[in-house]
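Subject: The structure we talked about

Hi there,

Here is the structure I promised to pass on. Have a look at it first, and then read on for what I found in it.

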Amino acid sequence: MLDKKERGIFLKLQKDEATANLIYTKISVKEKNSHNKEILRKIAEEEKKHYEILKSYTKTDVHPNRFTTVSYTHLRAHETSLHLVCRL
């Protein structure tokens, strides 16, 4: 059983995993290169697994941070070859 402090830490980590899952999923949908698309999809799956592990301790569903996902994917939408946001 988690104490209050540990539960708070786990819930934050769980939210981070949910957010990362959503970011990688959104990026994978937009990725044109099939190899990169598959890598991004696999990373999203791993983030989801991490979320589920943490959920097994917290017994709580948490939502991703939508502001973070919108901000990051918005930056990627304006990416150019001279100004890269993220590359694998």
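A word on terms before the tour: two residues are in contact here when heavy atoms of theirs lie within 4.5 Å. Please also keep in mind that this is a predicted model.

**The overall picture**

The protein has 3 helices and 0 strands, and from the N terminus its elements run α-α-α. Of the 88 residues, 27% are buried. If you take the contacts with a separation of 6 or more, residues 24 or more positions apart account for 66% of them.

**How the first two helices pack**

Two packed helices are described by the angle between their axes and the distance between the axes. Helix 1 covers residues 4–30, and helix 2 covers residues 34–58. Their axes are 8 Å apart and meet at an angle of about 160°. An angle over 145 degrees counts as roughly antiparallel, and helix 1 and helix 2 are therefore roughly antiparallel to each other. The crossing of helix 1 with helix 2 is left-handed. The residues of this contact divide into 14 nonpolar, 6 polar and 8 charged.

Which residues does Gln14 touch, not counting residues up to four places away in sequence? They are Tyr51, Leu54, Lys55, Thr58, Thr60, Asp61 and Val62. With Thr60 there is also a polar contact: the side chain of Gln14 reaches the backbone oxygen of Thr60 at 2.7 Å.

**Tyr51, on the other helix**

Tyr51 is part of helix 2. Is Tyr51 buried or exposed? Its relative accessibility is 5%, so Tyr51 counts as buried. Setting aside residues up to four places away in sequence, Tyr51 touches Gln14, Glu17 and Ala18, and also Thr60, Asp61 and Val62. One of these partners, Asp61, is joined to Tyr51 side chain to side chain by a polar contact of 3.1 Å. Another, Val62, is 11 residues from Tyr51 in sequence, with 9.2 Å between their C-alpha atoms.

Lys59 is found in the loop between helix 2 and helix 3, the latter being residues 66–77. Its relative accessibility is 69%, which means that Lys59 counts as exposed. The backbone is worth a look here too. Most residues other than glycine have a negative phi. Lys59, however, has a positive phi, near 60°.

Asn21 lies in helix 1, and with a relative accessibility of 18% Asn21 counts as buried. Leaving aside neighbours within four places in sequence, Asn21 is in contact with Ala44, Glu45, Glu47 and Lys48. Which backbone atom lies 2.7 Å from a polar atom of the side chain of Asn21? It is the backbone oxygen of Ala44.

Leu22 is in helix 1 as well. This leucine is buried, at a relative accessible area of 17%. Leu22 and Ala44 are 22 residues apart in sequence, but 7.2 Å apart in space from C-alpha to C-alpha.

**Glu31, between helix 1 and helix 2**

The last stop is Glu31, which sits in the loop between helix 1 and helix 2. Glu31 has a relative accessible area of 14% and is therefore buried. Its side chain has a polar atom 3.1 Å from the backbone nitrogen of Asn33.

- Gln14 to the backbone oxygen of Thr60, at 2.7 Å
- Tyr51 to Asp61, side chain to side chain, at 3.1 Å
- Asn21 to the backbone oxygen of Ala44, at 2.7 Å
- Glu31 to the backbone nitrogen of Asn33, at 3.1 Å
- Lys59, for its positive phi

Happy browsing, and do write back with any questions.

Best wishes

Technical notes: Residues are numbered from 1 along each chain as its sequence is written. This is a predicted model: local features need pLDDT of at least 70, side-chain atom pairs count only at pLDDT 80 or more; totals for chains, interfaces and linings use all residues. Side-chain values use heavy atoms; hydrogens and water are left out. Helices (H or I, at least four residues) and strands (E, at least two) are DSSP runs, numbered from the N terminus. Buried means under 20% relative accessible area, exposed over 50%, partly exposed in between (1.4 Å probe, protein chains only). A polar contact is a pair of N or O atoms within 3.5 Å; within protein, one must be able to donate a hydrogen and the other to accept it, and residues adjacent in sequence count only if both atoms are side-chain atoms. Axes are lines fitted to C-alpha atoms, for helices over the stretch in contact, and angles run from 0 to 180 degrees between N-to-C directions. Angles under 35 degrees count as roughly parallel, over 145 as roughly antiparallel, 65 to 115 as roughly perpendicular and the rest as oblique. A crossing is left-handed if the near helix is turned anticlockwise from the far one by less than a right angle, and right-handed if clockwise. Ala, Val, Leu, Ile, Met, Phe, Trp, Tyr, Cys and Pro count as nonpolar, Asp, Glu, Lys and Arg as charged, and the others, Gly among them, as polar.
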